[in-house]
Amino acid sequence: MCMGFGCNAAGVTGCRIIDSPRERLIAILTNSFVPCNGRFPTILAVLTMFFAVGTGFFTSLSLAVLLAAVILLGIFMTFFSSWLLSKTVLKGVPSSFTLELPPYRRPQFFRVLVRSVLDRTLHVLWRALIAAAPAGLIIWILANIKAGDTTLLLHLAGFLDPAGKLMGLDGIILLAFILGLPANEIVVPIMIMAYTAQGTLSDAGSLTGLHTLLVQNGWTCFTAVSMLLFTLMHWPCATTLLTVKKETHSLKWTFLAFLLPTAMGFLFCFLFNCAVRLFF
């Protein structure tokens, strides 16, 4: 779980240390519930723009408390999903845990460095490249080819808009998450590109400018909460899914790793949106 805060793909790889095949699989399938480094900027930006209060030190303090609450929700969902899996598709007897400390030895610096670069960094970057290159081409085509007076990107956003509204979002946000499958970092740039009808990915320049753009396109604090929930709970990135496939050697478990957080995200956003419509 701690490795997942940096990168869920690295967290999935780290599950190799678990001896029990059943428990290793549970840890793999639930690792994406903790926000990775690609999702933290989105979470921090939304919290800062819509929920941080006070000035100076108190702004930082409120932001830290809110971020901690989001992280704790992710940890809770990890435990809840693990319990759910252990009671359904991955029933079994919990294994005992024995920690045996090996003798201390002087590390072989260059061997550790080479194996770390080859086994972890380059492999993960290669998997990211495999997913990112085709996705970049698809995003460019959708943003620059028009059908009528509207780009294909906005046509797809309009098609997804009813589903997005059910979740307290909109079609552009939902499409940004779908096109952001290669990397969570590009979700917000895709939203900006669609809202401003540009043909290339870009940033808003500042949080103030981004907040103004989002409010102009119908965002409220309730939209921001739904955005936080779906950022925390949606399908893993393509690199993580490729890593799950490599670790489990199974398309079935890879699909479940995709479906489990996605179903939770849709459910929580839908329930929150229903509560908002009922009480507000």
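**Cavities and helix contacts**

Mentor: In this predicted model, the largest cavity is lined by T42, A45, V46, M49, V188, M191, L210, L214, W219 and M227. Its volume is about 50 Å³.

Trainee: Which element gives the most to the lining of the largest cavity?

Mentor: The elements that supply two or more residues to this lining are α4, α9 (187–195) and α10 (207–216). Four residues come from the element that gives the most, and that element is α4.

Trainee: How many residues in the lining of the largest cavity are nonpolar, polar and charged?

Mentor: The lining includes V188, L210 and W219, and Val, Leu and Trp count as nonpolar. T42 is also in the lining. By class, the lining has nine nonpolar, one polar and no charged residues.

Trainee: What is the volume of the second largest cavity?

Mentor: Two cavities reach 30 Å³ or more. The second largest cavity is lined by G38, R39, T42, F177, N184, V187, M227, T231 and H234, and these divide into three nonpolar, five polar and one charged. The volume of the second largest cavity is about 30 Å³.

Trainee: Are α4 and α11 roughly parallel or roughly antiparallel to each other?

Mentor: Helix α4 (residues 40–50) and helix α11 (residues 221–232) pack with their axes 10 Å apart, at an angle of about 165 degrees. Angles over 145 degrees count as roughly antiparallel. The two helices, α4 and α11, are therefore roughly antiparallel.

Trainee: In which hand does α4 pass α11, and which residues make the contact?

Mentor: The crossing of α4 past α11 is left-handed. From α11 the contact uses C221, A224, M227, L228 and T231, and from α4 it uses T42, I43, V46, L47 and F50. The contact residues divide into eight nonpolar, two polar and no charged. To restate what was asked, the hand is left, and the residues run from T42 to F50 in α4 and from C221 to T231 in α11, as named above.

Trainee: How do α3 and α13 lie relative to each other?

Mentor: The axes of helix α3 (residues 21–30) and helix α13 (residues 251–279) come within 8 Å and cross at roughly 45 degrees. That angle makes the arrangement of α3 to α13 oblique.

Trainee: Which residues in α13 meet α3?

Mentor: The residues of this contact divide into six nonpolar, one polar and no charged. On the α3 side they are L25, L29 and T30. On the α13 side they are W253, L256, A257 and L260.

Methods:
Residues numbered from 1 in each chain as written. Predicted model: local features only at pLDDT ≥ 70, side-chain atom pairs only at ≥ 80, totals over all residues. Heavy atoms only, no water. Axes fitted to C-alpha atoms, helices over the stretch in contact; angles between N-to-C directions. Parallel < 35°, antiparallel > 145°, perpendicular 65-115°, else oblique. Left-handed = near helix turned anticlockwise from the far one by under 90°. Contact = heavy atoms within 4.5 Å. 1 Å grid on protein atoms, 1.4 Å probe; cavity = no way out; pocket = protein on both sides within 12 Å on 5 of 7 lines; lining within 4 Å. Points joined across faces, edges and corners; volume = space filled by probe spheres on them.
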